Amino acid sequence: MKLRRSFFARSVHDVAPELVGATLLVDRVGGRIVEVEAYHHEDPAAHSFGGRTARNASMFGPPGHAYVYRSYGIHWCLNFVCEEGSAVLIRALEPTHGLEEMAARRGTDEPRLLASGPGRLTQALGITRAYDGLALDRPPFELYAARETEIAVGPRVGITKAVELPWRYAEAGSRFVSRPIRPAPRA
DNA sequence: CCTGTGATCGTCT
DNA sequence: GACGATCACAGGT
């Protein structure tokens, strides 16, 4: 089932876990989303924390659109905008469509190295700042809802603020996540 | 398996 | 002028 724009017009904390297992294609190339992170505008780690700027304008735009930014001067990162200046960072895919194209863009055939990580993922899908602000329910994007799947939850990766918030969601047991989530401590 | 480090540049202070 | 929502590679364990 195709995801409609209204799917994203909710709290980022509801949308993010539901995206795990969804299929993301960009010009027919992509796979199943296996790892995401939620960023909320009241969250010090979010780009939208502190208000609107030229870079983060898309985060304050309508839900159901892309927010693409450059990371470390080198990589691109893809987010799905939700309500109120929040967004979901798409961190890893299990490649299913257009493997050859992804391998050519990435310079490797190793499946685990195609889209396991936000920078690798955008390179494999050909995402650049040119995709910033584009609607997610129209070409070149295609998004299909997830089936039921087991979700693991943990702290986000690579941030220095609000490091303790458990806003990273991954498919339990997937070998395509950028980094495994430590199993929850036993009671 | 792990840790450390350089690359590279737009954005905001 | 400092700092990243990262990655690839090198080297040690």
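1. Chain A contains 3 helices and 8 strands, where helices (H or I, at least four residues) and strands (E, at least two) are DSSP runs numbered from the N terminus. Along the sequence, the order is α-β-β-β-β-β-α-α-β-β-β.

2. The model is predicted: local features need pLDDT of at least 70, side-chain atom pairs count only at pLDDT 80 or more, and totals for chains, interfaces and linings use all residues. Residues are numbered from 1 along each chain as its sequence is written, chains are lettered from A and ligands numbered from 1 in the order in which they are written, and side-chain values use heavy atoms, leaving out hydrogens and water.

3. Along the principal axes, the C-alpha atoms fill a box of roughly 45 × 40 × 35 Å.

4. Of the 187 residues of chain A, 49% are buried (under 20% relative accessible area, 1.4 Å probe, protein chains only). The largest nonpolar core has 38 residues, and Phe8, Leu19, Leu24, Phe80 and Ile90 have the most contacts inside it. Such a core is a set of buried Ala, Val, Leu, Ile, Met, Phe, Trp, Tyr and Cys residues joined through side-chain atoms within 4.5 Å. A second, separate core of 11 residues includes Ala45, Met59, Cys77 and Ile159.

5. Leaving aside neighbours within four places in sequence, Phe80 is in contact (heavy atoms within 4.5 Å) with residues including Phe8, Ile33, His65, Leu136 and Leu143.

How values were computed
Buried < 20%, exposed > 50% of the residue type's maximum accessible area, 1.4 Å probe, protein only.
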